[in-house]
Amino acid sequence: MQTMSAAAARRTALAAQGFTDSRPTGQVTRQHLNRALSRTKLLQLDSVNVAVRAHYMPLFSRLGAYPAALLDDAAWSSTAAKPRLFVEYWAHEASLIPVRDWSLLRWRMRMYGGSWRSRSRELLENSPGLVDDVLAAVKDLGPVGAGTLEREIGGDVRQGRGPWWNRTDTKRVCELLFAMGELTTGTRKGFERLYDLPERVLPSDVLTHDPAEEDAVRELVLRSAAALGVATESDLRDYYRLSPSQSRRAVAELVDGGELEPVAVAGWRQQAYLHAAARTPRRVRGRALLCPFDPLIWERSRAERLFGFRYRIEIYVPEPKREYGYYVFPFLLNGELVGRVDLKADRAAKVLRVPGAFAEPGQDPAVIAPELADALSEMAGWLGLDGIVIGSRGDDRLVEALRALTRRT
């Protein structure tokens with residue numbers, strides 16, 4: 001069995017995620033989006049918008065400044081000249097995936113049709129015609145939001161309910177039908193999902209393709225392996241939120257087929273698997289700010305194994321108990337996670353606020369500061385902000401160096 005050093009595993013993972021690809025030198029195009037998505041396979045969606053929404057940032061981390069409208073058009077609009085490239089579904093979490101991969105999740109749509117219907121039994125028994133009413137209304141009105149559907153159908157809009165965790169009956173049915181694949185996202189208005197029928201969004205060959213579950217799962221595990229480069233079985237399973245039994249069977253079959261190679265990674269307790277086409281570059285150069293939902297780091301135990309970097313998102317931690325900040329971005333420099341910054345886009349003041357900046361143990365703030373200042377300046381410009389405001393929390397030497405450098409930019 002091949003043995004890999006921890007450093008080689010790290011470089012392999014970075015190459016698989018696209019961090020050794022050259023950045024575009026001119027205008028970013030749909031081809032560049034496709035290339036980046038061929039690495040990550042999906043983009044996680046999340047409602048937090050304190051700095052930038054999660055699905056935009058991984059592309060910026062890999063491609064540099066690009067127009068967000070380019071991704072919007074690729075994900076939520078379609079013309080004969082520019083067909084839709086991505087579609088939404090439950091993959092890692094709510095995610096954008098390549099249109100062709102929607103078929104690989106048909107088994108999950110059937111599963112959700114069972115489990116989600118069970119959880120919604122009371123709703124469906126109390127409102128037996130609501131599913132048919134929602135489908136008929138979407139057919140007539142789509143793409144359409146749940147609020148409009150509630151008004152059209154006269155759904156039970158219960159006072160005092162929150163917009164996310166206590167949904168109206170109509171919204172719950174829309175999400176049930178989305179999970180079952182009977183509705184999809186036609187487009188978005190702001191961040192509001194506007195539902196439509198899949199046949200008006202997806203190509204007919206995607207709609208009719210329905211591979212057997214074991215074949216689809218094997219393809220998903222192979223995509224996970226390509227995106228991760230080298231990974232444990234639990235890493236591979238997590239990428240598309242598969243069950244242990246599904247993942248273990250698929251891994252065994254892919255090993256038998258020569259598409260995965262068992263390897264031992266120094267310092268890893270679990271068996272690892274190397275994708276047959278994975279590359280291990282001799283070095284990794286460049287820098288990137290990573291949002292909390294970047295696929296390089298979203299599995300926190302893997303990030304710790306690869307980089308010795310312990311990372312937890314602290315959005316739900318009371319402010320006095322936060323270690324680093326509300327919405328913290330790790331900073332990747334030359335193949336290592338060397339620091340982290342708490343970021344907030346203050347759109348009213350048109351500045352990127354950095355309440356805290358932290359160097360990792362053993363890292364020299366004098367080396368990190370100029371690269372991080374440039375990365376922050378690039379991000380501020382991409383977001384249409386005019387400046388950077390450095391706060392007081394974190395590593396004193398790094399904070400002072402960033403203040404000096406950003407005053408000059």
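## Close-up views of a predicted model

**View 1. Strands β1 and β8 side by side.**
Strand β1 is joined to strand β8 (residues 260-265) by 3 bridges, and the two run parallel. Met4 stands opposite Val265 in β8. Helices (H or I, at least four residues) and strands (E, at least two) are DSSP runs, numbered from the N terminus. Two strands pair if DSSP finds at least two bridges between them. The model is predicted: local features need pLDDT of at least 70, side-chain atom pairs count only at pLDDT 80 or more, and totals for chains, interfaces and linings use all residues. Residues are numbered from 1 along each chain as its sequence is written, and side-chain values use heavy atoms, with hydrogens and water left out.

**View 2. The open sheet of 4 strands.**
The strand order is β1-β8-β9-β7, and the pairing is mixed. β1 (2-4) and β7 (230-232) are the edge strands, each pairing on one side only. On average, neighbouring strands of this sheet are turned by 45° against each other, direction ignored. Axes here are lines fitted to C-alpha atoms, for helices over the stretch in contact, and angles run from 0 to 180 degrees between N-to-C directions.

**View 3. The hairpin of β8 and β9.**
β8 and β9 run antiparallel, joined by 4 bridges. Val263 has Ala272 in β9 as its bridge partner. Between the two strands lie 6 residues. One of the turn residues, Gly267, has a positive phi of about 90°.

**View 4. Helix α11 across the strands.**
This helix lies across β7, β8 and β9 (272-275) and runs at about 85° to β9. How far apart are the end C-alpha atoms of α11? They are 22 Å apart. Buried residues in α11 include Ala216, Val217, Leu220 and Val221. Leu222, Ser224, Ala225, Ala227 and Leu228 are buried in α11 too. Buried means under 20% relative accessible area, exposed over 50%, partly exposed in between (1.4 Å probe, protein chains only). Gly229 follows α11, with a positive phi near 80°.

**View 5. Helix α4 and its surroundings.**
In α4 (residues 68-76), the buried residues are Leu70, Leu71, Ala74, Ala75 and Trp76. They pack against helices α2 (30-40) and α3 (57-63). They also pack against strands β2 (43-44), β3 (86-90), β4 (94-98) and β5 (184-189).

**View 6. The open sheet of 5 strands.**
Its order is β10-β11-β12-β13-β14, with mixed pairing. The edge strands, β10 (287-289) and β14 (387-394), each pair on one side only. Neighbouring strands of this sheet are turned by 25° against each other on average, direction ignored. β12 (residues 336-346) and β13 (residues 351-359) pair in the antiparallel sense over 7 bridges. Asp342 stands opposite Gly356 in β13. Helix α15 (residues 365-382) lies across β10, β11 (328-333), β12, β13 and β14, at about 60° to β10.

**View 7. Strand β11, covered on both faces.**
Is β11 mostly covered or uncovered? Mostly covered: 6 of its 6 residues are buried. Val328, Pro330 and Leu332 lie on one side, with Phe329, Phe331 and Leu333 on the other. In a regular strand the side chains alternate between the two faces of the sheet. β10 is joined to β11 by 3 bridges and runs antiparallel. Here Ala288 stands opposite Leu332. β11 and β12 also run antiparallel, with 6 bridges. Pro330 faces Arg340 in β12.

**View 8. Asn334 in the turn.**
β11 and β12 form a hairpin with 2 residues between them. Asn334, in the turn, has a positive phi of about 50°. Its relative accessibility is 35%, so Asn334 counts as partly exposed. Leaving aside neighbours within four places in sequence, Asn334 is in contact (heavy atoms within 4.5 Å) with Val284, Arg285 and Gly286. The C-alpha atoms of Asn334 and Phe19 are 9.7 Å apart, though the residues lie 315 apart along the chain.

**View 9. Where domain 1 meets domain 3.**
The chain is divided into domain 1 (2-83 + 207-275), domain 2 (104-202) and domain 3 (312-407). These bounds come from an automatic or database domain assignment. The centres of domain 1 and domain 3, taken over C-alpha atoms, are 26 Å apart. In contact are 15 residues of domain 1 and 14 residues of domain 3. The two domains bury about 1300 Å² between them, 70% of it on carbon and sulfur atoms. Buried area is the accessible area (1.4 Å probe) that two parts lose on being put together, summed over both. Val50, Ala51 and Phe60 supply 42% of the area that domain 1 buries against domain 3, more than any other three residues.

Definitions and conventions: Expected span 1.5 Å × (residues − 1).
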